[in-house]
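Please go through the briefing below with the sequence and the coordinates at hand.

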Amino acid sequence: MQPLKIDPNTVKGFLADDEGAALYEYAKEVSVLGPCLEVGSYCGKSTLYFGAGCQENGSLLYALDHHRGSEEHQLGEEYHDADLYDASAECLDSFREFRKNMKAAGLEDVVVPLVTSSGIAAKFWSTPLAMVFIDGGHSIEAAMTDYRSWAGHIMPGGILAIHDIFPDPTKGGQAPYDIYKLALASGLFQELAMVNTLAVLERVA
Ligand code: MG
């Protein structure tokens, strides 16, 4: 893949190198069809790869995140990062870090931040999407909302990618795996690849 403008290892986040490279390659392939969307940008690690793939085609990446952190990022939780805690507002704020990273990566003309929840952003959404990457909250409610909000907007030939797929429940939470199974059972998607914990599905016609 093309070298990224900043080192992805300088960006906070939970995405492996091979998963990032796959996001880049698939985005580069399908973003000729239209804009793309990711759910759960956090500090922009996945956005860096996904956006670079979209940039190759002059496409756009809608980067959706309320930037208040998922359940596991909250104060006292396992993945809480004190650097991202806004003490004056008494909540997490990953947007400042996200914007800094997008600027450094030269992606401000490619990445369109949507700073809200999945349900709100999807309320009047009607733009067909070439690729959707779901990497939001890991509660079953959050994952189901993300799936129901966006899977139907993926155009035929487009891609649905889902992060954190753990078929073995002792390795990780089951909500992403549950929506992955739902997508396959719908008959609307077929599996293209499984890269580490990243499932890549194609919307069939
Ligand atoms: Mg993830």
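A search of the whole structure, which is a predicted model, finds seven aromatic pairs, where rings of Phe, Tyr and Trp (its six-membered ring) pair if their centres lie within 6.5 Å, and planes under 30 degrees apart count as stacked, over 60 as edge-to-face and the rest as tilted. Because the model is predicted, local features need pLDDT of at least 70 and side-chain atom pairs count only at pLDDT 80 or more, while totals for chains, interfaces and linings use all residues. Residues are numbered from 1 along each chain as its sequence is written, and side-chain values use heavy atoms, with hydrogens and water left out.

**Aromatic pairs**

- F14 and Y79 form an edge-to-face pair, with 5.2 Å from centre to centre and 80 degrees between the planes.
- F14 lies in the segment before α1 (17-30) and Y79 in the loop between β2 (61-64) and β3 (85-86), so this pair ties together parts that are 65 residues apart in sequence; helices (H or I, at least four residues) and strands (E, at least two) are DSSP runs, numbered from the N terminus.
- F14 is partly exposed at 43% relative accessibility, and Y79 is also partly exposed, at 38%, where buried means under 20% relative accessible area, exposed over 50% and partly exposed in between (1.4 Å probe, protein chains only).
- F14 and Y79 belong with Y42 to one aromatic cluster.

**Magnesium site**

- The magnesium ion is coordinated by D135 (OD), H163 (ND1) and D164 (OD), at 2.0 to 2.3 Å; donors are N, O and S atoms within 2.8 Å of the metal (3.2 Å for Na, K and Ca), and since water is not among the atoms, sites may look incomplete.
- The spacing of the donor residues in sequence is D-x27-H-D.
- D135, in the loop between β6 (129-134) and α5 (140-150), and D164, in the loop between β7 (154-162) and α6 (175-185), are 29 residues apart, and the pair links distant parts of the chain.
- D135 and D164 are both buried.

**The sheet**

- Seven strands form an open sheet with mixed pairing, in the order β5-β2-β1-β6-β7-β9-β8, where two strands pair if DSSP finds at least two bridges between them.
- At the edges are β5 (111-114) and β8 (189-195), each of which pairs on one side only.
- From one strand to the next the twist averages 20 degrees; axes are lines fitted to C-alpha atoms, for helices over the stretch in contact, and angles run from 0 to 180 degrees between N-to-C directions.
- The parallel strands β2 and β5 are joined by four bridges, and L64 stands opposite L114 in β5.
- Strand β9 runs antiparallel to β7, with four bridges between them, and antiparallel to β8, with six bridges.
- L201 in β9 stands opposite L160, whereas L198 in β9 stands opposite V195.
- The hairpin of β8 and β9 has two residues between the strands, and in that hairpin N196 takes a positive phi near 60 degrees.
- Five of the six residues of β9 are buried, so this strand is largely enclosed by the rest of the structure.

- Helix α6 lies across β6, β7, β8 and β9 (198-203), running at about 140 degrees to β8.
- A183, found in α6, is buried with a relative accessible area of 0%.
- Leaving aside its neighbours within four places in sequence, A183 is in contact with Y147, L160, L188, F189 and L201; the C-alpha atoms of A183 and L160 are separated by 8.9 Å, and the two residues are 23 residues apart along the chain.

**The chain as a whole**

- The protein chain has six helices and nine strands.
- Its radius of gyration is 16 Å, close to the 17 Å that the globule rule gives for 205 residues, so the protein chain is as compact as a globular protein of that length; the radius is taken over C-alpha atoms, and the rule is 2.2 Å times the number of residues to the power 0.38.
- Buried residues make up 51% of the 205 residues in the protein chain.

Notes:
Contact = heavy atoms within 4.5 Å.
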